[in-house]
Amino acid sequence: MNILGINAYHANARQVGAQLSFDTRFLGLGPNLRGLHLEVEMAGRREELHADSVVGAHGASPVARTAGWPPIDIRGSAAFFSGVCLAEAGHEVICSDIDSERIAQLQASRMPIFEPHLDRILAAARNSGRISFTADAGEAIRGGEAIFICVGTPPKESGDADLSAIDHVARQIATEARTPKLVIEKSTVPARTGIELRRALTAYTRNGNLNFRVASNPEFLREGTAVEDFFHPDRIVVGVDEESSAADLREIYRPILEHRFHCPVHEGKCPPGHEGKFLVTTINSAELIKHASNSFLALKISYANVIADLCEKIGADVEEVTYAMGLDPRIGAQFLRAGLGFGGFCFPKDIQAFIHLAASVGVDFDILKAAERVNKQRIDRYHEKISKALWVIKGKRLAMLGLAFKANTDDIRFAPALEVLKRLLSEGAQVHASDPEAIAKTKSMFPQALYHEDPYEALRDADAALVCTEWECFRTLDWERAGKLMARKLVIDGRNLYRPQHMRELGFEYYSFGRD
Ligand code: UGA
């Protein structure tokens with residue numbers, strides 16, 4: 001199978017109804033997917049959406065496609081990240097969306113989201129003709145041999161994953177397909193979804209002789225470092241029940257596995273030791289690996305946060321404790337940062353879905369329920385610190401540094417900062433917020449707050465600075481300068497970005513998590 005240099009693979013992606021979709025150029029026009037109804041709760045506000053999407057990658061032999069549906073915007077869409085990165089790796093990609101405005105935006109190489117490096121590689125792929133955008137799914141499905149499904153799986157009221165987008169795409173694949181397909185789940189789904197997917201494909205096909213192979217290929221990309229993660233994966237997991245499916249997926253990932261790409265992150269100087277493993281498992285295992293990984297990371301964060309609470313009570317320093325813990329390779333140093341806790345569209349929903357899955361098969365996963373509870377309490381703990389330091393919140397002018405759920409993204413879904421913001425506004429504080437990328441999205445949700453591109457403007461005359469996201473620009477802020485602008489030299493650090501002693505030497509009253 002010849003892949004490299006000749007664009008033997010063609011990625012295709014499409015989202016319908018929400019905001020974005022992607023198609024490969026082979027894929028012709030087909031009926032738009034409409035009518036999926038969904039309610040999403042975001043920072044306390046319920047959004048009603050009608051959406052669906054398909055994303056795909058199509059190649060000479062084999063052909064791969066991806067289907068994707070993010071509920072609010074394309075943020076978090078493995079389909080979008082993967083589609084652009086596949087183009088960068090040398091494949092030919094077409095993206096489509098029924099939102100003509102969004103398509104026009106992408107055709108002009110304008111990124112609908114902020115993700116480091118992605119704008120540059122999207123522009124390069126556009127210029128080279130490896131990626132393009134259109135508005136069809138049906139023909140995309142008919143033209144491809146393999147279809148990646150990356151639709152959103154948001155939480156239902158019960159915490160269970162809403163798989164209606166998967167079901168919708170499966171039915172569309174079944175009805176549009178005219179030739180055998182390899183259908184690959186890329187969405188984060190509960191174990192055993194593959195079984196239902198196969199059942200839906202078989203049930204809805206118009207041609208009883210069509211063979212649908214099903215596989216699982218969970219995504220481990222992090223927002224903010226998605227491009228780096230794509231080109232330097234720790235592992236590529238493929239869950240299959242036929243050897244030919246594993247062989248096809250290995251071909252699709254061959255440029256990454258054999259390092260046959262020009263790394264857009266390190267510009268040819270990639271650090272050594274990044275040999276991603278290609279793991280072939282059963283479909284059930286692959287599905288479980290994604291939920292088990294995300295839940296374990298969430299568990300680790302909550303564990304560090306409980307240690308932080310303990311440190312406060314007994315006078316220890318959480319940074320010293322977690323640093324020493326992390327030196328043990330059995331524990332590992334990452335995801336032990338204490339603070340405001342985890343947010344985003346992955347951990348909170350995945351942990352709930354995993355708890356739900358375990359309960360549905362009679363397995364006690366109380367340990368995860370505790371992790372979730374600890375995480376929710378982080379906002380209470382932070383609010384207590386603010387109340388204690390300020391005495392009265394009403395009427396205070398507060399500088400909030402950080403809105404996004406983490407650094408290097410404009411994603412505010414389930415961002416702890418927004419929960420803090422909501423409470424402060426409801427208590428009558430005047431909030432002046434700053435974030436390098438997330439102001440526009442937050443403004444539309446919280447028009448009562450005031451927003452400043454320049455963090456020093458947010459800090460002007462402030463009674464306190466509240467650090468809510470771990471952006472590098474906040475880590476390196478000139479606090480001497482900031483102190484001269486503020487009405488009161490008070491910093492309540494929700495991300496443990498500064499050394500307490502240093503802040504006190506600068507004359508600040510300083511509070512953080514798990515440290516004196
Ligand atoms: C997460 C996983 O890390 C990815 O491997 C996975 O592919 C992705 O979900 C997904 O399921 O799509 P992501 O949500 O982008 O990625 O962000 P993370 O870097 O995992 O951070 C999640 C949250 O945890 C953030 O709010 C961050 O501030 C918080 N966090 C992280 C901590 O509070 N402490 C830490 O030590 C690390």
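How many bridges join strand β8 to β9? There are four, and the two strands, β8 (residues 146-151) and β9, run parallel. Before going further, note that this is a predicted model, in which local features need pLDDT of at least 70, side-chain atom pairs count only at pLDDT 80 or more, and totals for chains, interfaces and linings use all residues. Residues are numbered from 1 along each chain as its sequence is written, and side-chain values use heavy atoms, with hydrogens and water left out.

Back to the strands, which are DSSP runs of E with at least two residues, while helices are runs of H or I with at least four, both numbered from the N terminus. Two strands pair if DSSP finds at least two bridges between them. Within this pair, phenylalanine 148 stands opposite isoleucine 184 in β9. Five of the five residues of β9 (residues 181-185) are buried, meaning under 20% relative accessible area, with exposed over 50% and partly exposed in between (1.4 Å probe, protein chains only). Lys181, Val183 and Glu185 point one way from β9, and Leu182 and Ile184 the other way.

Now move along to β13 (residues 397-401), where five of five residues are buried. Here Arg397, Ala399 and Leu401 point one way and Leu398 and Met400 the other. Five bridges join β13 to β14 (residues 430-434), and these strands run parallel. Look for alanine 399, which stands opposite histidine 432 in β14.

Next comes helix α3 (residues 118-128), whose buried residues are Leu118, Ile121, Leu122 and Ala125. Why do they sit on the same side of α3? Because they cover an arc of only 105 degrees around the axis, taking the directions from the helix axis to the C-beta atoms. An α-helix has 3.6 residues a turn, so residues three or four places apart point the same way. Just after α3, glycine 129 takes a positive phi of about 80 degrees.

Finally, visit the ligand. A polar backbone atom of leucine 221 is 2.7 Å from an oxygen atom of the ligand, and a backbone N or O atom of arginine 337 lies 2.8 Å from a ligand oxygen atom.

Technical notes: A polar contact is a pair of N or O atoms within 3.5 Å; within protein, one must be able to donate a hydrogen and the other to accept it, and residues adjacent in sequence count only if both atoms are side-chain atoms.
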